[in-house]
Amino acid sequence: MKKDDATPSRFLASLSNAMKCAIVLGAGVVPASAANLTHSIEVSGAAAEVWSVIGPFCAIKDWLPPVGQCIEDGKSPPTRTLVTKDGKASFVESQIARDDRGYSYSYAFLSSPLPVSQYKSTIKVTARGEGVSVVTWTGTYTPDPGKEKEAVDALNAVYDSGLAAIRDRFKR
């Protein structure tokens, strides 16, 4: 390299050209953006009582209407396989965090028939007052390209049906 090729202005020009090439080569590749969901519902029950019903990792089969079977692998942290009541779909989910004192756990999809990737979710119970709690279900995910509406519609339906079933279970 000649001495004048190493000047700051030549370096910046080379860097600029390299960046332009990278942009052109990457044209048409639009990364999918992450999406977020948060659904909450008020429940007639103390937080500890609600958590005792929904907190066990495989208890989801008892309160999420589409789930017919939950099989836990017995490892720590656990992985569960959920099979729909019609047997046509299954989900494999790994628990990634748990806080029994704070009444929450988080999990991630290892495999799913839904058009999403990088799905992570948290279910949390919070005391709201004497004998009243709020169950909050949050999720983050990246929808498959072109399947954004399908992904959000499916997840909204799951969250809504699960939270409604929890609320109904605690009606007094």
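1. A pocket here is an open set of points on a 1 Å grid over the protein atoms alone, with protein on both sides within 12 Å along at least five of seven lines; lining residues have an atom within 4 Å of a point. Volume is the space filled by probe spheres set on the points, which are joined across faces, edges and corners. The largest pocket holds about 200 Å³.

2. The model is predicted: local features need pLDDT of at least 70, side-chain atom pairs count only at pLDDT 80 or more, and totals for chains, interfaces and linings use all residues. Residues are numbered from 1 along each chain as its sequence is written, and side-chain values use heavy atoms, without hydrogens or water.

3. Mean pLDDT (the predictor's confidence in each residue, from 0 to 100) is 86, and 81% of the residues score at least 70. Residues 1-30 fall below 50.

4. Strands pair if DSSP finds at least two bridges between them.

5. S2 and S3 (residues 79-84) run antiparallel, joined by five bridges. Glu 72 sits opposite Arg 80 in S3.

6. Back to the largest pocket: 17 residues line it, and Leu 64, Phe 91, Glu 93, Leu 114 and Val 158 lie nearest its centre. Helix H4 (helices are DSSP H or I runs of at least four residues) gives the largest share of this lining, four residues.

Methods: Contact = heavy atoms within 4.5 Å. Helix = DSSP H or I, 4+ residues; strand = E, 2+ residues; numbered from the N terminus. 1 Å grid on protein atoms, 1.4 Å probe; cavity = no way out; pocket = protein on both sides within 12 Å on 5 of 7 lines; lining within 4 Å.
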